[in-house]
Structures are given as structure tokens and as C-alpha cells.
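Me: I am new to this structure and would like a close look at a single part of it. Please take the salt bridges and go through them one by one.

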Amino acid sequence: MAGTPGCPIFLLLLCAFGQVSPYSTLWKPTWPAYRLPVVLPQSTFNLAKPDFGAEAKLEVSSSCGPQCHKGTPLPTYEEAKQYLSYETLYANGSRTETQVGIYVLRSREGQSSGKSRRKRQIYGYDSRFSIFGKDFLLNYPFSTSVKLSTGCTGTLVAEKHVLTAAHCIHDGKTYVKGTQKLRVGFLKPKFKDGGQGANNSRSALPEKMKFQWIRVKRTHVPKGWIKGNANDIGMDYDYALLELKKPHKRKFMKIGVSPPAKQLPGGRIHFSGYDNDRPGNLVYRFCDVQDETYDLLYQQCDAQPGASGSGVYVRMWKRQQQKWERKIIGIFSGHQWVDVNGSPQDFNVAVRITPLKYAQICYWIKGNYVDCREG
């Protein structure tokens, strides 16, 4: 069978549909279009107030790798509804559970558990970059990274919303200490003479950066994390959304459905966080994705406790608007040991934003599904 002139056989279908050849200098890694499901609240009921007794864990670990996840049964429709139902915690300590309905359900990979091993999150030469200077820290995309009062990192995803890891506020059984008075910290310059902004005289030079804190109004945690008891399937649902008491007035980064790793630009991801071994510093890193399942991205980005909850993002071409756009496609969670051909290998893990998770998180942000039809 002969190919189209200038188009190899294996690219015949691509050319036939009029798409740009990957050999063309005009080719761009493009955000794919998805047919997204709808996740809607069905019923909400009150729960007893939690005791806020858990110790904050700045990382989670599991030995269940890609093959472990793929080897277990897919969830039923009823199970998926249970995992995507969620708890809401309010600033006054009250708590509710909301059960959801799912429409246009997509299949997913399974999940399982395994034995724990010694953890490490730095791979060879430390490839992290500390971001210094207000010209970088206060500019996009670094300015979207915020610090939680429980010690983790979060990412601004809307005018009043922060995306983070569920384990930063909930250990799978109860809420961690300090969650009832949870705050989100924004790095701002601290001026020597008490000046407050760019309109001050040149003598008002920033001495250092400081955090300005905003209280959290309410939090949402999926029941998949709580039912998973912080392990097994729990890692697949290790994400939470925080709603602030007032707008933060910064540029935020939208969420997006995680494309397959092979479609990511260079197969690479990026994220910034407040690693504990570099106190007060925002630390940026990027690395290649090593493996993936439907719910998780396996990579070896150097990271330390405190970075968990960071938004994992990529920059791709938005065809409709004809512009480049960064989107959050995952949440950095923790650490996993993976059995690779009989040899144990350790990875850092990010929770992927799947179509169902996108529909859920977007509804939390927007309050309706009409604005959540494009991932």
C-alpha cells in the first residue's frame, strides 16, 4: 500500500485528517479535547465534628506500582460514586458528606497495596532550583505556589481556590491538627522602611520575602482518600480543594485533564514547592515522566517533604485560543517503591487529574457543571 507523497505509511492516517506533520516546524504539543463526564451532588448530610487529632504528614508512601495498579479489578459504577463523594469541612468545625451522581462514566485502572520500604526523594545529583528575588517569586507561574499552615504546598487554581494533596489536611481517618484554623501563605516582599508596594521610594528595598496569610473558609476531600485509609486506592485520590475566605488577587493556573505521558512536551512535567530542607525558599524542578497508570504519574523529580501538594503542570498549545497555556494536570503526592523486572526502584508520584477528577474539582470551584465541559 503506497503512502501519501511526503507522508510515511505509519503517518498516513494523520495526514489524511489534515493535521500538521510532526516533521513540520509548525507542529506544537497541543492540549487534547476530551468528552468530559459530569459529577453532580445528589444528597448532603451532616457529620459529627472531627477531633483534629492527626499529626500532619508531609508525604505519603506506598509500594504499589504500575503493574500492581493494573492487576486489580476496575471499580464498579457504585464504587466510583463512593470514591468521588466527598467531605466538606467548614471553618467553624462543622462537617458534611455529599454523595454524588456520575454521568458518562469512563473506565479506569485498578489499584492495590504492597509492603513499605525505606524512602528517599533525591535521585543522584540534586537538580532542584531555589527561586530567589521578588522579580521571579511574584511572577507567574511561580506566584501560583502557596504554603499551607500545616506545612505542605498548594497551587492557586481560581480566584479563591487552592489545590493541594489530601494528606496535607487529612490522614485518611481524621483531620490533622491545625486544619480547623487552616491558613494559606502568600510570599510577599518585606520592605526595610515598612513600605507596602512598588509606588514607594527606591530606598524601600525589599529586605527579604515574608508570608501573608489568608484563612481557609472550607475544604473538600474525596471519600476515595478517606475510604482508602491513606494507602491502597487512597493515593489515587490524594487531592483536596481549599476555598479561601477572600480573593487572593493573583493570577492563577487553571486545571486540566492529564494527557498521556507520551503527549507531554518532551515527556516532561514541572512543579514548585516549599521543600522542608530549604526553609523559606520556593523550589522549582522539572523531570521526565518514567511511567504512568490511569491515576498516577511516576517520575524522579527531586523533592523533599513540604513539596507535597504542589501542582504538577505542563505548557501546551491551546488550539481554540491560538496561544500557549500552562495547566495543572496533577498533584504531587509522595513516594512509591516499584518492582521493575524483579528489581525494586523508587519513584516520586503525582496524582493525575483524570476526566472524573476534573469534573469533580471543577464543580467544587464553579458550583455548576456547565462551566466544566472543557478540560
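Reply: In this predicted model, a search of the whole structure turns up 12 salt bridges. A few of them are described here.

Lys 81 and Glu 78 form a salt bridge through their side chains, at 3.5 Å from N to O. Both residues belong to helix H3 (residues 77–84), where they sit three residues apart, about one turn of the helix. Glu 78 has 45% relative accessibility, so it counts as partly exposed.

The next pair joins Glu 325 to Lys 254, whose side chains meet at 4.0 Å, N to O. This pair links distant parts of the chain: Glu 325 is in strand E16 (residues 323–340), while Lys 254 is in the loop between E11 and E12, 71 residues apart. The two partners have their own accessibility values. Glu 325 counts as buried because its relative accessibility is 12%, and buried means under 20%. Lys 254, at 45%, counts as partly exposed.

Asp 275 and Arg 285 are both buried.

Salt bridges also occur as a network, which links Glu 87, Arg 95, Glu 97 and Lys 223.

Notes: Residues numbered from 1 in each chain as written. Predicted model: local features only at pLDDT ≥ 70, side-chain atom pairs only at ≥ 80, totals over all residues. Heavy atoms only, no water. Helix = DSSP H or I, 4+ residues; strand = E, 2+ residues; numbered from the N terminus. Buried < 20%, exposed > 50% of the residue type's maximum accessible area, 1.4 Å probe, protein only.
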